[in-house]
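Trainee: I'm new to this one. Can you walk me through it, a piece at a time?

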Amino acid sequence: MAIDYPDIDIAPLIDHALLDPAATAEQVGKCCYEAERFGFAAVCVYPVYVKQAADLLYGKAPKVCTVIGFPTGATTPAVKLYEAQEATDNGATELDVVIHIGSLKAGKTNELYREIAQICEETEQTVKVILETALLTDAQKRLAAELCMDAGAQFLKTNTGWNGGATVADVRLLKEVTQGQVGIKAAGGIRTIEQAYDLVLAGATRLGTSRGPELLRQLTSREEEEHS
């Protein structure tokens, strides 16, 4: 049976992630090559590999993204700020910052706001705040989204992928809260092209996944099946 796919180019929405703790410099090189080859939005690597990625992608379309306070968000604001500043100095132009979930759950909203606002102001880079929605109630997701938007974040990101994955319901909730004011990055557990399309149709404007090339191969395979 033929499958109807929306007329959406998935590749430019993908942040090609390499966040395996055992990742090597050779694998980072491959990740950067794939990002350019397939036309992905960015590569997302650990801070230790930012300079390498920035050198490899200099003058090329994919952006260099890194993670800050990853994966728990439980480092101090000063440490996160330093990490973000160093990453920026090394060539990162996008920063995926994990919020301190404990502060949110404890109602320490001023602390959460200040942490994100300072990183946004001091680095002047694109900040994508990771909410870790799998650990939050809907009310907490809404509160965190509003705080981070007010603090200057340009994207809200669903998950690290370490505590659960992106869901259509969470993306829809964030779309309702943001009303198009900031981007929405769905991340965690995106393994099929069907999942990718479902998340984009729900409102995601970026997809964080280590399986970008595989998703495109799946799409090609399914399109060939349709026309066979």
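Trainee: Leaving aside neighbours within four places in sequence, which residues is Gln140 in contact with?

Mentor: Gln140 is in contact with Leu104, Lys105 and Leu135. Keep in mind that this is a predicted model.

Trainee: Where is Gln140 found?

Mentor: In helix 6.

Trainee: Buried or exposed?

Mentor: Gln140 is buried. Its relative accessible area is 17%, and buried means under 20%.

Trainee: Staying with helix 6, at what angle does it pack with helix 7?

Mentor: About 45 degrees. Helix 6 covers residues 138–151 and helix 7 covers residues 168–178. Their axes are 10 Å apart.

Trainee: What do we call that arrangement?

Mentor: Oblique. The crossing of helix 6 past helix 7 is right-handed. On the helix 6 side, the contact is made by Asp138, Lys141, Arg142, Ala145, Glu146 and Met149. Helix 7 brings Asp170, Leu173, Leu174, Glu176, Val177 and Thr178.

Trainee: Which residues of helix 7 are buried?

Mentor: Asp170, Val171, Leu173, Leu174, Val177 and Thr178. Down the axis of helix 7, these buried residues fall within an arc of 160 degrees, so they line one face.

Trainee: Which exposed residues sit on the face of helix 7 turned away from its buried side?

Mentor: Ala169 and Arg172.

Trainee: And what do the buried residues of helix 7 pack against?

Mentor: Helix 6, strand 6 (155–157), strand 7 (183–187) and helix 8 (193–202). Just after helix 7 comes Gln179, with a positive phi of about 50 degrees.

Trainee: New topic: helix 1. What span should its 14 residues give?

Mentor: At 1.5 Å a residue, helix 1 (residues 25–38) should span 20 Å. Its end C-alpha atoms are 20 Å apart, which agrees.

Trainee: Which residues of helix 1 are buried?

Mentor: Val28, Cys31, Cys32, Glu34 and Ala35. Viewed down the axis of helix 1, the buried residues are within an arc of 160 degrees, so they line one face of the helix.

Trainee: Why would residues three or four places apart point the same way?

Mentor: Because an α-helix has 3.6 residues a turn.

Trainee: What is exposed on the other side of helix 1?

Mentor: Glu26, Lys30 and Arg37.

Trainee: And what covers the buried residues of helix 1?

Mentor: The cover includes strand 1 (14–18), strand 2 (42–45), helix 2 (50–56) and helix 9 (212–226). Just after helix 1, Gly39 has a positive phi of about 75 degrees.

Trainee: Another helix pair, then. How do helix 3 and helix 5 pack?

Mentor: At an angle of about 25 degrees, with axes 10 Å apart. That makes helix 3 (residues 77–89) roughly parallel to helix 5 (residues 109–123). Their crossing is right-handed.

Trainee: Which residues make the contact?

Mentor: From helix 3: Pro77, Lys80, Leu81, Ala84, Gln85 and Thr88. From helix 5: Glu115, Gln118, Ile119, Glu122 and Thr123.

Trainee: Last topic, a strand. Where does Ile130 lie?

Mentor: In strand 5 (residues 126–130). Ile130 has 0% relative accessibility and counts as buried.

Trainee: How far apart are Ile130 and Thr158?

Mentor: In sequence, 28 residues. In space, 5.8 Å, C-alpha to C-alpha.

Trainee: Leaving aside neighbours within four places in sequence, what is Ile130 in contact with?

Mentor: Phe70, Asp96, Val97, Val98, Ile99, Lys157, Thr158, Asn159 and Thr160.

Definitions and conventions:
Residues numbered from 1 in each chain as written. Predicted model: local features only at pLDDT ≥ 70, side-chain atom pairs only at ≥ 80, totals over all residues. Heavy atoms only, no water. Helix = DSSP H or I, 4+ residues; strand = E, 2+ residues; numbered from the N terminus. Expected span 1.5 Å × (residues − 1). Buried < 20%, exposed > 50% of the residue type's maximum accessible area, 1.4 Å probe, protein only. Arc of directions from axis to C-beta. Contact = heavy atoms within 4.5 Å. Axes fitted to C-alpha atoms, helices over the stretch in contact; angles between N-to-C directions. Parallel < 35°, antiparallel > 145°, perpendicular 65-115°, else oblique. Left-handed = near helix turned anticlockwise from the far one by under 90°.
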